[in-house]
Amino acid sequence: MIPRLRPVLGPSEFLAAMRSRPVADFETRFAELMGQAHALAFPYGRTGLLLLLEALGLKNNEIICPAYSCVVVAHAIVLSGNRPVFIDSEADGFNMDLEAAAKAVEIGAKALIATSIHGYPVDLDKLDWMRKRWPDLIIIQDCAHSFSAQWQGRPVQQAGQAAFFGLNVSKLMTSIFGGVVTTDDSSLADRLRELRDQRLKPASFKAWQRRAYLTASATALHPRMFGFVHKFMKLGLIDRFTEYYDEASIDMPDDYLSVMSPIEAAVGLVQCDRYPSIIAHRRHIASVYDKALASLPGLRRPPLAEGATYAHYVCCVAEPNELIQEMARDGIELGRLIDYCIPDMPAYQSYVPLSSEFTRTRALNSQVINLPLHLSEQEALYVVERLHCHMRAKCS
Ligand SMILES: *Cc1c(COP(=O)(O)O)cnc(C)c1O
């Protein structure tokens, strides 16, 4: 069975994981790859954001973030002692509505997390306008889906005080777990490094646990194994490994304050070399989908954006769950990214003014499906063929 996502790993990553490399080497290489002066590694992207907010001196402030995003971003904002201000999605895409964000700045928000969700670059012209209008506004780029996505030729990670990245096995490139913060501001980098040295604990015990995780996820997500794994998933037997949030609580993983391990740095270094080819392949498969799905009624394709990294290829359909079940019977797993609206979660009720509206986010939540991008062109055309037949109700 074809899993909805699969990291691109070769023998060199497994060899690298048997040795280790200094985390500082990975940081230097990652900064170079992103065209930034500094990169600092963390155990998770969210830990990087948490300490970044502190290093920026943000406390008891309102911080703008998308309602349609990964919930861990909001968690980091709350745990840093700030308040999230959730903004609905734009009318014709997946990113946050920047006009609505500007209104929130007008009434006092101090910082803004700009997310190029699914890899579609955030509108940097609008962000430039906001920065001119409010020179003290702090802009942080959430690049978990957009390692070097470009808005009209400008890499999104460079357009703000700092950017953060997530590197778990579901991301564009991986260091097993891990996260990075990049910035061109040397004094901010110094403050963040100091905070990290104070707050994060060593992680020597991580080595074998991380190696085991890498092997387990590569095995489980292999198409020849994934059929079994999918059966276990349906029975709820591996929820413990796949569920990363709880609707009712704001918390972090147990090891969120332990440093990135040298094993992870070693894998991350290999993935930095592989990154250009990973992105080229995803762009190619996205263009295959785009052409082949153009004539399919009832399915809205994502906006085709130049410079997008295609972390996910996300379409909208009226009945996603039905389609997911039908496609699973054909051996294809589809994803549901993102099927929750953060401000609707019980844990966030007290952070949301009664007047807020998240109509566009909720519409996305109920309609999105994402198609696998790790495939060969031939496999992608098989996915397309099955989509055509189910959606036209012509399957034999
Ligand atoms: C994965 C992700 C993050 C954070 O990643 P972790 O490393 O899991 O903390 C942040 N933002 C978005 C949009 C993500 O998908």
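**Figure 1. Lining of the second largest pocket.** By class, twelve nonpolar, three polar and five charged residues line the second largest pocket. Ala, Val, Leu, Ile, Met, Phe, Trp, Tyr, Cys and Pro count as nonpolar, Asp, Glu, Lys and Arg as charged, and the others, Gly among them, as polar. The model is predicted: local features need pLDDT of at least 70, side-chain atom pairs count only at pLDDT 80 or more, and totals for chains, interfaces and linings use all residues. Residues are numbered from 1 along each chain as its sequence is written, and side-chain values use heavy atoms, with hydrogens and water left out. Of the 20 lining residues, Val85, Phe86, Ile87, Pro353 and Ser356 lie nearest the pocket centre. Two or more lining residues come from each of β3 (83-87) and α5 (98-106), and β3 gives the largest share, five residues. Helices (H or I, at least four residues) and strands (E, at least two) are DSSP runs, numbered from the N terminus. The space in this pocket is about 440 Å³. On a 1 Å grid over the protein atoms alone, a pocket is an open set of points with protein on both sides within 12 Å along at least five of seven lines, a cavity is a set where a 1.4 Å probe fits but cannot get out, and lining residues have an atom within 4 Å of a point. Grid points are joined across faces, edges and corners, and a volume is the space filled by probe spheres set on the points.

**Figure 2. The largest cavity.** The structure holds one cavity of 30 Å³ or more. About 130 Å³ of space lies in the largest cavity. Its lining has 15 residues, and Arg4, Leu5, Arg6, Arg282 and Ala311 are those nearest the centre. Seven of the lining residues are nonpolar, four polar and four charged.

Figure 3. Among the buried residues are Arg46, Thr47 and Ala55.

Figure 4. The structure holds zero disulfides, a disulfide being a pair of cysteine sulfur atoms within 2.5 Å. For cysteine 315, the closest cysteine sulfur is that of cysteine 316, 7.6 Å away and too far for a bond. Cysteine 341 is in no disulfide either, with the nearest cysteine sulfur, in cysteine 65, at 11 Å. Cysteine 315 is buried at a relative accessible area of 0%, and cysteine 341 is buried at 5%.

Note on methods: Buried means under 20% relative accessible area, exposed over 50%, partly exposed in between (1.4 Å probe, protein chains only).
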